[in-house]
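Subject: Handover of a structure

Dear colleague,

Please find the structure below, followed by an account of what was found in it.

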Amino acid sequence: MLSRRTLLKTSAASASASALLPSLALARPDNGVSLYAFPLTAVRLGAGPFADNAGRTHAYLRFLDADRLLHMFRVTAGLPSSATPCGGWESPSTELRGHSMGHVLTGLAQAYAGTGEAVFKTKGDYLVAQLALCQRANGYLSAYPESFIDRVETGQSVWAPYYTLHKIVAGLLDWHVLTGSAQALTVLTRKAEWVRARNSVLTYAQRQQMLRVEFGGMGEALFNLYQLSAFPAHLTTAQYFDHAQVLDPLAAGVDALAGFHANTQIPKALAAIRGFHATGTLKYRDIAVNFWNFVVRQHSYAIGGNSNGEYFQAPNRIASELSDTTCECCNSYNMLKLTRQLAFTDSARAAELMDFYEKALYNHLLGAQNPSSANGHHCYYVPLRAGGIKTYSNDYDNFTCCHGTGMETNTKFGDSVYFHDGSTALWVNLFVASTLTWPGRGITIRQDTTFPETSTARLTVTAGSGAIDLRIRIPSWTSGAQVRVNGVLTGSPVPGSYLAISRTWATGDTVDISVPMALSVEATPDNPAVRAVKHGPIVLAGQFGTSNLSALPPLDPSLLRPSSAALEYTAGSVLLRPFYKTHGQRYSVYWNVVSNVPREAHYPFEEASGSAVLDATGNGWNGVLAGAASRTTGRTGRGVLLSGGYVSLPAGLLAGAAAFTVAAWVRVDVAASWARVFDFGTGTGAYLFLTARSSSGTLRYAITSAGSGAEQRIDGPAALPTGVWTHVAVTHTGNLGVLYAGGVEVARNSALTVRPSALGSTTQNWIGRSQYAGDPYLSAAVDGFRIYSRALSASEVSQLNATGS
Ligand SMILES: [Zn+2]
């Protein structure tokens, strides 16, 4: 380890070396990107919830006393300070002290870029100048002594010294990039050289040991500095922070995140994608992509946040992980940073990525700031237990990490509304009231919208003209979207994609976007009865006043009624309103969805025409004919004829079922292996089906919650015959499944360990169609299709066979 004296010399030497830094003009282009952000200076927010949040954080940044923030930096540098120390995580005895300086610098830089107000520039320049004096005084720049670094390097207990240094480095970088401050780059470069010197004398093993302690986005900030400066030493230093224990499983495509502190890991994935942009190394890209897929698909709540008690839990545990410490706000702040970097990297995935961006932005971060506080006080966790309540920071006695990232989030809402491709393509990602002044093109476009309170937005070219390849995001949650150019319907919007409109635009041209929203419920993967309610992308929360609920409140979704206010519903006496607007009272985002409607249905197929397939039980499980499906003479009365089509039944028909029976009359017209009598599932991972003919020539029932390799089966002695009506039934309760044909048992399996409930709320419930796209459709007539929520007895099945449909 370097002695303190040696370090002083190293730092002094690097001060002059910084003069050798290339200018901004020599910045390295990013590898592997096809989309780019507009600078924050190009986007001004219009009136709306984002501008409201930004206004409160701007007020806080104006309010903060620079000398109080500088106090422990000056004390540590041996300089005089008479300021009142800050409290909370910035108190003189807290090991994380100093981290807020970086957040404030980033917040001031973004506020200045987003508004042009001089007050932010003045305060940030003062902070940087004073930090430069502190750095000059002792060659070190921190609000805690250098001994903290000794401790983390040698495995002694200390909070997270490099986490704190990262914030300062990132703040200086942002101040330089967004305001052009040369002094910030000088201070930053000296600091980066100090980090390099400190780490270059450690062995690989020593560094990997040290990296077990949270170190924030050191890697990301240093890759950014390398891209900015092209100074090779910064690349070396950035890669000192590649943490193999976490990165290697991710590179191998393994979700080993359970048990890891969530917000310690997200910045490592962010560093990885910037490492890919800096070096072109594909392993870095794969790490970032795999990490995002794992976190978004297997570790995220309905509001887009992740973590319980700050830790990643086992994959797909959501309903079982609802507490007062869910969804740390920093995590979503970092996930959004990662998401936009992945969109830059893979524009073909932009629709999916920006769907998530919107989800976490509206449902988590927008609602994490207290609208009642003039200074934008912020949540740390966002509780998702029933009866949870948001709690907030304060001016000087909190200073948590999330208070810090809140200053950043709320000063950069303009950074992902629009992207461009470096040429003429303009990507409209989010429906946020704003004005874009396209740098270098003399074109200004205003977006007017009150989304999400309404589902429309209008783009107007307010100045300039020229070719623009417009790309408008059509969210996956919409249906029936329409786009009009100067009032004329244009293009065919497809949910989950970007609609392209290429033309030469002139001042006054308008684009009206309509993305209708609908009510939906989203089940948790680990308990299909536990669901969140959404209107379009907006999560709605039950408003429970002062009631500290002891369990998830029950909800029958069929009772939800729109109220007179936008995005508000009632369910009996309970009001549901957007979670992002829920403050100052207890709430529930998740519900125990109960329904008195039996999960039983009977389809006699007696409709004479139309595509509706009515449930004769009156339970309302009505289906629909799809593709080549028509009416025909049935076993009794009418039936349905399938010849390239199928019958689609409602989602959730067997959700949570402990037992069931499906029975039907089938007249197979064409013997084709794997054609399904029925197949209920969510795709090729989880399903249960009855095929009239397996490739072994048998009638087969199968169920799996883990793909075809894990199917559990019952094989009959033969396939269903062709050309004759045959009654078939399958019953499944507990471990026992019984297969019937012609009213009698033909096979059974008493070792079925996969329960129907393990499939969750299946969404692809089909008569005549397989989850597998390669399987043939059933070519047959079907009649008297019945679903029961229990296993019928042999005599009951025999009775069905005896009585027709
Ligand atoms: Zn935090």
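A residue is called buried under 20% relative accessible area, exposed over 50%, and partly exposed in between, with a 1.4 Å probe and protein chains only. Strands are DSSP runs (E, at least two residues), numbered from the N terminus, while helices are runs of H or I with at least four residues.

This is a predicted model, in which local features need pLDDT of at least 70 and side-chain atom pairs count only at pLDDT 80 or more, whereas totals for chains, interfaces and linings use all residues. Residues are numbered from 1 along each chain as its sequence is written, and side-chain values use heavy atoms, with hydrogens and water left out.

Strand β5 covers residues 434-438. Two strands pair if DSSP finds at least two bridges between them. Strand β2 (residues 43-45) runs antiparallel to β5, with three bridges, and L45 has S434 as its bridge partner. Strand β6 (residues 443-449) is also antiparallel to β5, with five bridges; there, T437 is partnered by T444. In the hairpin of β5 and β6, four residues lie between the strands, and G440 takes a positive phi near 80°.

The zinc ion is coordinated at 2.2 Å by E328 (OE), C330 (SG), C401 (SG) and C402 (SG). Donors are N, O and S atoms within 2.8 Å of the metal (3.2 Å for Na, K and Ca); water is not among the atoms, so sites may look incomplete. The angles at the zinc ion are 93 to 122°, which makes the arrangement tetrahedral (four donors, all angles between 85 and 135 degrees). C401 and C402 are both buried.

Yours sincerely

Technical notes:
Four donors count as tetrahedral if all angles lie between 85 and 135 degrees; four count as square planar and six as octahedral if opposite donors are over 155 degrees apart and all others between 65 and 115; anything else is irregular.
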